[in-house]
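Please look through the model below before reading on.

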Amino acid sequence: MLGANEDRLRAASTLMRLLGACVAAGVLVALIALPGVGSAGLTARDAANNFENMDGELKTSPPSEKTVLYDANGKEIARFFDKYRESVSLNRVNPIMRQAIIDIEDSRFYQHGALDLKGTIRALASNANSEQTQGGSTLTQQYVKNLLVDNAKTEAEYRDATAPTVGRKLRELRYALDLEQRMTKNQILEGYLNVAYFGAGAYGVQAASKRYFSKPASDLNLEQAALLAGITQNPTAYDPIRNPAAARQRRDTVLYRMVQLKHITKQQADAAAAKPIELNETKPVGGCETSKAPYFCEYVKYDVLQILSGGKYWQMTPKQRQDIVNQLNRGGYSIRTTLDMKAQNAVDRALRSNVAPSGNRVGAEAMVEPGTGQVKAIGLSKRFGAGKGRTTLNLPADWAHGGGNGVSAGSTFKVFTLAAALDEGIPVNTSFNSPETTTVSGFQPCKYTGEYNGKEVKNATLGGGQWRVSNAGDSEAGVFDLKTGTWHSVNTFYAQLEKRVGVCSAVKMAEKFGMKRANGNPLLPVPAQVLGTNDIDMVHLAAAYAGFAARGKYCTPVSVIEIVDSEGKKLKAPKSTCRQVVDEAVADKVNEILQGVLTKGTATGRGIGRPAAAKTGTCEMHTCAVFAGHTPNLAAATAYWDPRSPWEYPVYGVYGADTPGAIWQQSMRAALAGEPAPGFARPTRDFGDTIRVPDVRGMSVAAATARLRAADLQVRIAPRPVESDERRGTVAATSPDAQTEVGPGTTVVIYTSNGRGGGNGPGRPGGRPGFQWPWED
């Protein structure tokens with residue numbers, strides 16, 4: 001009895017499936033073949049009315065494409081995608097691959113329209129008599145579905161594109177009709193092959209061929225083509241990496257379907273089926289973490305997001321920003337950048353050979369080309385990425401490019417007060433008595449609008465009053481002028497010079513060279529700014545020094561040369577804005593003085609074997625150390641600090657010429673190896689830089705020589721000693737004499753004492769008893 005009931009239930013179930021199949025087939029036939037006939041019944045008529053009222057035009061964007069970044073020489077450095085796809089034209093897909101996909105998915109593809117009635121009815125009948133379903137969708141319908149899924153931007157849109165409803169199928173069919181009228185069969189097949197999912201993260205046949213076999217789709221053989229063609233029905237079940245047995249069985253199904261359709265012989269199928277699945281995987285990689293220049297890549301990424309958003313990326317809501325990120329990942333852009341891999345490799349090697357990548361302290365560096373503003377390299381000692389000992393913060397860059405709040409510039413900022421002084425006509429030989437510690441009063445205040453002490457202020461008055469300042473451990477006390485005060489980085493000298501220049505003028509000069517705080521706010525116009533108390537980033541500091549290298553022509557830093565969309569259209573990318581911010585002669589004089597830092601000052605020994613200029617920076621309380629310098633054809637800025645908290649974790653004992661200077665020296669030598677070595681232009685104006693010959697009488701020859709050379713004078717030792725009361729072998733006198741005003745580079749002759757004393761007649765230049773000039777013998 002129970003068995004009879006089961007038979008009746010089974011028969012009823014089969015009957016209902018047959019009725020459903022007949023109704024569905026009737027609707028489809030009515031819709032396609034007989035739209036004007038009413039005999040199909042009320043259901044078909046209502047469906048037909050809804051179908052005819054549907055919007056038939058498929059409004060979708062092209063399939064998502066990976067975006068690729070290239071260096072200045074056209075070599076790929078990174079790619080962005082959320083779906084690994086690489087579209088190709090149909091003629092770049094092996095014909096055996098085209099045939100395999102048609103044979104297994106839609107063998108009558110070239111014979112039918114949007115709907116294959118014969119295939120649909122066969123599938124419906126088969127499904128009615130089987131617990132397993134058989135698809136009846138044409139390649140055109142599948143192409144439509146894949147496009148709708150690919151264009152889904154929200155979870156709701158995705159569910160709507162994949163819902164198992166009659167409404168969805170009718171909508172797909174309506175769109176398929178439209179595509180069949182507007183596109184050729186080959187265009188549809190090409191589109192399908194580029195949008196279909198082939199498992200393992202590969203979208204499109206080209207990506208799949210490279211993912212599984214590390215070869216283009218044009219080189220696929222029969223068994224490889226059959227394997228790929230079989231995956232699309234169920235990419236998870238037939239994934240040859242995770243489910244090789246099922247994938248092989250499905251591959252063989254494709255092979256013998258091709259035999260059945262007489263597109264290959266049984267012998268060919270048998271030979272292919274006898275072979276095991278042999279993969280040669282290439283895993284898709286994307287994002288900056290996989291790039292050889294990850295920090296430069298991050299910088300470019302944010303520049304591109306600004307380009308795609310019309311310069312409004314940071315003013316957008318989080319959802320709007322995510323849409324722009326999706327556009328980057330899916331838009332198929334080709335982006336040529338300013339990256340010079342030779343410079344980048346030089347930066348990376350120098351950073352990691354001087355700073356342990358796994359330590360808490362970091363070294364950061366950026367390189368910028370003078371005269372163009374092109375960013376050539378950006379590096380950090382730490383590895384990029386998530387996990388212990390790594391970071392995803394672009395610490396060499398500012399906040400707008402994925403960095404933090406920046407780092408103090410230290411005394412590298414003195415260059416802007418020096419430039420302002422020269423621009424105002426203050427003579428180079430202007431000197432100040434500069435003790436170890438001093439208090440400078442009378443600073444004039446400035447107007448400021450921006451963030452101050454965590455609050456937004458407008459037209460606030462800052463920077464007036466007095467300032468107590470001390471020298472750093474790597475400088476000294478004494479009387480200094482603009483040259484010597486710069487060479488020896490004397491804080492107390494620069495505090496007095498800044499008062500003479502004016503804080504407002506010094507800050508304006510820094511702003512002319514593109515300087516701003518790393519968080520995007522203007523520089524705070526306080527007296528201590530001359531010592532670099534504003535936190536800045538290395539890219540903009542390098543760009544500023546590049547402005548001096550270019551003889552006063554400052555160019556805004558740029559990282560993108562060209563951006564082209566997936567259709568070959570060039571997007572408008574912002575160009576570097578270059579402007580002459582100080583006279584060439586002023587910049588030339590700054591460069592001349594900064595060259596002395598490397599030969600006579602705090603960076604002595606950090607030369608790079610070619611004309612170069614630089615400035616060291618030791619931050620307040622050793623919170624960091626900085627070094628910036630340039631040649632006429634490349635500028636670089638380097639910083640060393642502990643980003644956890646510079647004030648809590650200072651880098652005691654490290655000065656600008658130490659770790660940062662070593663990084664700069666090593667990286668610049670390597671980046672410029674084999675490149676031209678031009679010299680700096682000599683100043684064409686008189687900047688009042690006469691020098692008073694220092695009094696070196698009684699000093700050893702070595703000490704006197706060092707003192708004179710430190711004053712930018714040349715030295716020659718007289719061949720024979722003279723009679724003098726000074727100790728034998730020490731300096732008896734110089735020519736020109738002490739306190740004589742001479743020009744920079746003047747040769748001073750040192751006369752040594754024989755220790756025997758001698759006469760001193762009135763009016764003699766020595767002016768000191770016990771000395772006789774040699775020509776008075």
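Strands (E, at least two residues) and helices (H or I, at least four) are DSSP runs numbered from the N terminus, and two strands pair if DSSP finds at least two bridges between them. Within this pair, Phe 627 in strand 22 is the residue opposite Thr 616.

This is a predicted model, in which local features need pLDDT of at least 70 and side-chain atom pairs count only at pLDDT 80 or more, while totals for chains, interfaces and linings use all residues. Residues are numbered from 1 along each chain as its sequence is written, and side-chain values use heavy atoms, with hydrogens and water left out.

The two strands belong to an open sheet of five strands with antiparallel pairing, in the order 7-6-23-22-21. Strand 7 (375-380) and strand 21 (613-618) each have a single partner strand and stand at the edges, so one side of each has no neighbour in the sheet. On average, neighbouring strands of this sheet are turned by 10 degrees against each other, direction ignored. Axes here are lines fitted to C-alpha atoms, for helices over the stretch in contact, and angles run from 0 to 180 degrees between N-to-C directions.

Helices also lie on these strands. Helix 15 (residues 341-354) lies across strand 6 (362-368) and strand 7, at about 25 degrees to strand 7. Helix 21 (residues 584-599) packs on the sheet and touches strand 21 and strand 22, contact meaning heavy atoms within 4.5 Å. The direction of helix 21 makes about 65 degrees with that of strand 21.

Strand 21 leads on to a pocket. The lining of the second largest pocket has 39 residues, and Ser 408, Cys 619, Glu 620, Thr 623 and Trp 647 lie nearest the centre. A pocket is an open set of points on a 1 Å grid over the protein atoms alone, where a 1.4 Å probe fits, with protein on both sides within 12 Å along at least five of seven lines; lining residues have an atom within 4 Å of a point. Strand 10 (407-408), strand 15 (465-470) and strand 21 are the elements giving two or more residues to this lining.

Elsewhere, Val 144 lies in helix 5 (residues 139-151). Val 144 has a relative accessible area of 0%; buried means under 20% (1.4 Å probe, protein chains only), so Val 144 counts as buried.

How values were computed: Buried < 20%, exposed > 50% of the residue type's maximum accessible area, 1.4 Å probe, protein only.
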